Amino acid sequence: MSRDTITVSEVFGPTVQGEGAVIGKPTVFVRTGGCDYRCVWCDSKYAVLPEYRGEWRRMSPGEVFWEVQDLSGGRPILVTLSGGNPALQPLSGLIDLGREGGYTFAVETQGTVAPGWFRDLDYLTLSPKPPSSGMGTDWAKLERCLEAAGEGTSTVFKVVVFDDADYGYAREVAARYPGVPMYLQVGNDEPPGPGVEPEPDVGRLLGRYEWLVEKVLADGWNEVTVLPQLHVLLWGNKRAV
Ligand code: SF4
């Protein structure tokens with residue numbers, strides 16, 4: 001296995017980005033396999049847990065890019081590198097190939113690993129995990145991710161909010177880094193088990209969204225953007241949409 005081999009859980013699309021700063025934008029997803037976190041409400045456990053390793057593929061940058069091109073019909077599109085934690089993967093070769101062909105790149109990661117290729121991205125979403133995830137935050141590592149991205153990459157924070165403690169955490173992140181745009185996203189309850197794709201309780205999700213909007217407005221937190229998970233409202237918890 002070569003040093004630039006990428007562990008891939010799935011490649012799918014085109015679809016529209018359902019979250020964050022580029023919400024609604026057409027994109028092809030490359031979901032990598034493996035993660036250094038174990039969030040209790042993770043909705044991508046098939047790209048995280050070792051028992052799914054048998055489903056993951058070890059691919060060269062050229063093989064991944066060929067699939068991306070095939071899905072996009074050869075037309076340049078935004079490529080979203082997701083996971084798992086894509087920052088664990090050697091993605092510079094794929095990014096170089098794509099950029100030569102006019103493709104743009106976005107990454108979403110929790111902000112624990114800061115590879116040099118962050119500076120070659122168009123968009124970086126750092127999504128440090130709030131208390132409801134059961135995970136902690138290493139602020140020094142998050143800082144290194146911001147530094148690795150530098151000025152040339154459009155970098156934002158996205159924090160998932162289920163409850164008051166998560167909201168307080170998001171405010172803490174925003175207070176630490178006031179120059180970085182903050183997106184809040186309503187939390188979606190985890191699917192009940194592997195392979196289970198239940199319909200989400202849309203009424204409950206929208207109720208939580210309303211609660212979050214009212215909280216932000218009551219606090220006068222006017223710099224923030226509050227979003228639902230668009231793809232969950234459209235397609236539920238289905239994979240690869
Ligand atoms: S960081 Fe993301 S992919 Fe990893 S366990 Fe948490 S929610 Fe899942």
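The structure is a predicted model, in which local features need pLDDT of at least 70 and side-chain atom pairs count only at pLDDT 80 or more, while totals for chains, interfaces and linings use all residues. Residues are numbered from 1 along each chain as its sequence is written.

The secondary structure comprises six helices and nine strands; here helices (H or I, at least four residues) and strands (E, at least two) are DSSP runs numbered from the N terminus. Along the principal axes, the C-alpha atoms fill a box of roughly 50 × 40 × 30 Å. Of the 241 residues, 37% are buried. A residue counts as buried if 20 or more other C-beta atoms, placed from the backbone, lie within 10 Å of its own, as exposed if 12 or fewer do, and as partly exposed in between.

Pro 61, Val 64, Phe 65 and Val 68 are the buried residues of H1. They lie on the same side of the helix because they cover an arc of only 95 degrees around the axis, the arc being that of the directions from the helix axis to the C-beta atoms. Gly 62 and Asp 70, on the other side, are exposed. Among the elements covering the buried residues are strand E1 (6-16), strand E4 (78-82) and helix H2 (92-100). Just after H1, Gly 73 takes a positive phi of about 65 degrees.

The largest nonpolar core has 44 residues, and Val 64 and Val 79 are among those that touch the most other members. Such a core is a set of buried Ala, Val, Leu, Ile, Met, Phe, Trp, Tyr and Cys residues joined through C-beta atoms within 7 Å. Beyond its neighbours within four places in sequence, Val 79 is in contact (C-beta atoms, placed from the backbone, within 7 Å) with residues including Val 30, Val 68 and Phe 105.

Finally, Lys 215 sits in helix H5 (residues 202-219). Lys 215 is partly exposed, because 15 other C-beta atoms lie within 10 Å.

Definitions and conventions: Two residues are in contact if their C-beta atoms, placed from the backbone, lie within 7 Å.
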